[in-house]
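Subject: The structure, and what turned up in it

Hi there,

Here is the structure I promised to pass on. Please have a look at it first, and then read my notes below.

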Amino acid sequence: MQYLPCGIYHEYYQQDHAWWQTRFVIGKMILLGIFIFYILPFWGGLYWVGVATLTIYTIMGALGVQLLIGYCGQVTLGHAAFIAVGAYTATLLTLQLHLPYLLSMFIGGLVAGLWSVLFGLPSAKVKGFYLIMTSLAAQFVTVDFILTQYVSQIGGRGQAFSLPPGSITIGPLVLDSDLKVYFLGAVLTILLTMGLANLLRSKVGRAWIAIRDNDIAAETMGINIITYKLMAFFVAGFIGGIAGAFWVSTLAALSPEHFQWFWSLWLVGVILIGGVGSIYGTIFGSLFMVLIMEGLKFIIIPLTPVYPALTMKFLFLKEATFGLAICLFLIYEPNGLAYRWWQIKNYFNLWPFSY
Amino acid sequence: MPSDHFGPIMLKVNDVSMFFGKVAALSGVSLDVREGEIHSIIGPNGAGKTVLLNCINGLYHPQKGEISFKEQDITKIKTYHRAELGISRTFQKIELFRGMTVLDNIRLGRHIHLKSGILSGFIYLGKTAKEEIKTREFIEEEIIDLLEIESIRNKTVGMLPYGLQKRVELGRALALNPKLLLLDEPLAGLNLEEVEDMARFILDISQEKRWKVTCILVEHDMGVVMDISDRISVLSFGNKITTGTPSEVQNNAQVIEAYLGEEDLYATRR
Ligand SMILES: Nc1ncnc2c1ncn2[C@@H]1O[C@H](COP(=O)(O)OP(=O)(O)OP(=O)(O)O)[C@@H](O)[C@H]1O
Ligand SMILES: [Mg+2]
């Protein structure tokens, strides 16, 4: 539930449905748009564009996890598998069949969605722990077995598909600079985020939340639980697939390395820190994790001349920080960053009567 | 009131038995519910009333017997499908979506009437937006007005007092626009004023032209049951003792015996 600023009332039901309900919010959104599409890319420098691109990729990846865990109550620890399926499908279609990149991306999303449904099928029968095992199976079967052993061998390329510069194009536009990739990612992320938020406030999304909260009541109200769970797996897989297909455009070579199990775990960490069951939470969590890791690099790099061992240990430090961050959040901020944000916002909306 | 003035049989429960292990929660229960009536089911604690409702709406599958709804055999049909046919219900132990607002809970009751899918929901503009606004209008005009819950529509359900939660649950069940409504102890735990309101709502739902919903009412409050029921079936230890009008049931020797030790029929809970 959200409070509107004092003195604002709606006269039509339509207004309750508007995305941005007051002029003030519209203003904020315009500023955000200017920041994303003008200030950051043109004034921020390549370093920040890179950081932003990674954040965007994390958001797209985490959206599916958020949908499954946060909105439908289906715990998954193998989402990187579906991101990988999207990436590989899009790459194969682009390199082997010379399909346009955006079309390949879309098909990549569909294939990843269907692949996700396949591993979602057990959710019809099992819950909780057993479902987590299924999602682990998705991870290892897909990435460590099928992609590594078989798909990577297609076209005799060995371990990785190289993506020579210029192989990824949108119409006449060649995606050959970090800036162009960033713009594509920003547009995709905005579309996917808004689309998912829309979905969550319509029939399908409400059914997911109902299944999460009380599956008996949901079924009594006419919700076909199995169908809707599978729909959640499809949409989560689709969004993951698009994320993977997008990530391809940042790479010089695609290999299963990019989709290891730790990435699945990482995405779950993102939503835990950002806030489970919140779209904002997905965004905040991604920002937080990416920035913390950049901060870590920032601290470590000046220290490496003194302690050269740190370079070797960076991966270890990264994982330790990840674990520590999650523990701290679970203890001190169990509702995630999104909840804090909501409190601050309402404080100002209700100000000066915010007691 | 002669029961003849009701319509055709809407729900037929035929020789239904349900066992949990060796315990027979229902043994060979048969009853029929006619269109338009308020059919109450009473009986001591543990008589099998809730189990019977669960069988009717498909949460339990009886080992023996058939249930048909509007002359269609629904014994093997899934719960969600029975909802689509027009069977809705409330629960003895409230089963709301506690984290959602009142409006969203009631919106869920509209599920079977909405058409938006993944793609149209993703885009939202146009079809889905129109559908959502129509849903909102329906809920405001038909449900919120009727149940007098204007002031709490945007509140989170889990934070509401018990009596209001019961009301919201009724609202959600009604939003489905049911033909048959199963009410499992809607008055339990309510205070006197709330009991009167709730009884009035049930009568409205049953009698108002707009609704005309057939109701099966499981309830311990004999005062209300005798007042508003058209017919009453009595269960005891999983057996149906009798079905009849309130006065017939009150004078039935077996019923009085089943309730022996529970003081007078009228004395309960008030
Ligand atoms: N899921 C279950 N598993 C095992 N036994 C059950 C189950 N559900 C009900 N029973 C048993 O079936 C019998 C009937 O229970 P039911 O809940 O239908 O009683 P009731 O008539 O609704 O009573 P009350 O007035 O207390 O609600 C009880 O003996 C109960 O213990
Ligand atoms: Mg009961």
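Buried area here is the accessible area (1.4 Å probe) that two parts lose on being put together, summed over both. By that definition, chain B and chain A bury about 3300 Å² between them, and carbon and sulfur atoms give 66% of this. Of the area that chain B buries against chain A, 22% is supplied by His111(B), Ile118(B) and Phe122(B), more than any other three residues.

Some housekeeping: this is a predicted model, where local features need pLDDT of at least 70, side-chain atom pairs count only at pLDDT 80 or more, and totals for chains, interfaces and linings use all residues. Residues are numbered from 1 along each chain as its sequence is written, chains are lettered from A and ligands numbered from 1 in the order in which they are written, and side-chain values use heavy atoms, with hydrogens and water left out.

**The interface**

Counting contact as heavy atoms within 4.5 Å, 42 residues of chain B touch 34 residues of chain A. There is one salt bridge across the interface (a side-chain nitrogen of Lys or Arg within 4 Å of a carboxyl oxygen of Asp or Glu). Glu132(B) and Arg206(A) form it through their side chains, at 3.1 Å from N to O. On the side of chain B that touches chain A, α5(B) has the largest share, with six residues.

**The ligand**

Which residues come nearest to ligand 1? Of the 13 around it (a heavy atom within 4 Å), they are Gly46(B), Lys49(B), Thr50(B), Gln92(B) and His220(B). Oxygen atoms of ligand 1 lie 2.8 Å from a side-chain N or O atom of His220(B) and 2.9 Å from a polar backbone atom of Val51(B). A nitrogen atom of ligand 1 is 3.1 Å from an N or O atom in the side chain of Tyr60(B). Taken alone, ligand 1 exposes 640 Å², and the protein buries 64% of that (Shrake-Rupley method, 1.4 Å probe).

Best wishes

Definitions and conventions. Polar contact = N/O pair within 3.5 Å; in protein donor to acceptor, adjacent residues only side chain to side chain. Helix = DSSP H or I, 4+ residues; strand = E, 2+ residues; numbered from the N terminus.
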